[in-house]
Structure formats: C-alpha cells, structure tokens
Amino acid sequence: QVRLVESGGGLVQPGGSLRLSCAASESISSIYAMGWYRQAPGKQRELVAGISSGGRTNYADSVRGRFTISRDNAKNTVYLQMNSLKPEDTAVYYCNVGYYSGNYYRPQDYWGQGTQVTVSS
C-alpha cells in the first residue's frame with residue numbers, strides 16, 4: 001500500500017508563495033494519477049489540482065493561474081507550487097493517489113497526513 005508524506009506547508013503573508021511536496025513510498029512513474037486536496041475548518045475537502053500519469057493537469061477555478069501541479073517520477077514526488085496566496089487558501093493540504101474518469105480526477109483511498117498552510121499578515 002502506497003504511503004504519502006506531504007511537506008512544505010507553513011505561515012506565509014498574502015501574496016507570498018509556497019511549494020508543497022508529496023513523497024510516495026513507491027514508484028509513481030506510469031501508474032498513478034495524483035492530486036492535491038485541501039480542507040479548511042468547517043468546510044468539505046476539495047480538489048485543488050490533479051495530474052495524470054501522462055502529465056495532463058486540471059485545477060479548481062479558485063486556484064487556476066496561481067497554482068501549478070507537477071510530478072517528478074524519478075523522485076516519486078508530486079509538487080504543488082502556490083503563488084499569489086490569499087487568506088482563503090488557508091487549509092490543510094493533502095496529497096492523494098487517484099485516477100481520471102474522462103476529464104475528472106477521482107480520488108482513491110490513499111491519503112497523506114496533510115500539511116498546514118496558513119496565509120495571514
């Protein structure tokens with residue numbers, strides 16, 4: 001069973017940047033689609049971005065143009081570059097292994113422990 005470990009969260013001022021990393025315990029080279037979700041207090045967990053094994057990406061409307069998902073198959077790692085951060089981006093961010101159904105990312109039940117991102121002045 002694949003294990004996922006997120007890192008890179010922290011406190012950042014509005015307009016700042018962070019890069020999250022998700023290290024997988026096994027090869028992700030051509031098998032998995034992967035995604036980033038987030039959950040803010042009192043809200044449901046939501047998809048932020050997904051990336052297919054072939055590198056196709058999709059983003060939530062709220063982050064498109066500010067966030068970039070990427071993967072380094074050689075390092076078994078997926079990244080989320082977050083720029084122009086806003087207070088409403090504050091949440092716990094989770095890495096996930098999933099799949100694509102058509103153009104839609106679907107999660108499987110493989111989650112990391114999450115990393116806290118707080119955007120505040």
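Trainee: What makes arginine 56 count as lying over the face of tyrosine 100?

Mentor: Arginine 56 is 4.4 Å from the ring centre of tyrosine 100. A charge sits over a ring if NZ of Lys or CZ of Arg is within 6 Å of the ring centre and within 35 degrees of the ring normal. Arginine 45 lies over the face of tyrosine 94 in this sense, at 3.8 Å from the ring centre.

Trainee: On what basis are these values given?

Mentor: The model is predicted, so local features need pLDDT of at least 70 and side-chain atom pairs count only at pLDDT 80 or more, while totals for chains, interfaces and linings use all residues. Residues are numbered from 1 along each chain as its sequence is written, and side-chain values use heavy atoms, without hydrogens and water.

Trainee: How many aromatic pairs are there, and why is the pair of tyrosine 37 and tyrosine 105 called tilted?

Mentor: There are four aromatic pairs. Tyrosine 37 and tyrosine 105 have ring centres 6.2 Å apart and planes at 55°. Rings of Phe, Tyr and Trp (its six-membered ring) pair if their centres lie within 6.5 Å; planes under 30 degrees apart are stacked, over 60 edge-to-face, and the rest tilted.

Trainee: What makes the pair of tyrosine 94 and tryptophan 111 edge-to-face?

Mentor: Their planes are at 90°, with 6.5 Å centre to centre. Tyrosine 94 is in strand β9 (residues 91–101) and tryptophan 111 in strand β10, 17 residues apart. Ring pairs link Tyr37, Tyr94, Tyr100, Tyr105 and Trp111 into a cluster.

Trainee: Why is tyrosine 94 called buried, and what is tryptophan 111 called?

Mentor: Buried means under 20% relative accessible area, exposed over 50%, partly exposed in between (1.4 Å probe, protein chains only). Tyrosine 94 is at 14%, so tyrosine 94 counts as buried. Tryptophan 111, at 29%, is partly exposed.

Trainee: Is arginine 38 buried or exposed?

Mentor: Arginine 38, in strand β4, is buried because its relative accessible area is 6%.

Trainee: Which side chains make polar contacts with the side chain of arginine 38?

Mentor: Serine 62, at 3.4 Å, and aspartate 89, at 2.9 Å. A polar contact is a pair of N or O atoms within 3.5 Å; within protein, one must be able to donate a hydrogen and the other to accept it, and residues adjacent in sequence count only if both atoms are side-chain atoms.

Methods
Helix = DSSP H or I, 4+ residues; strand = E, 2+ residues; numbered from the N terminus.
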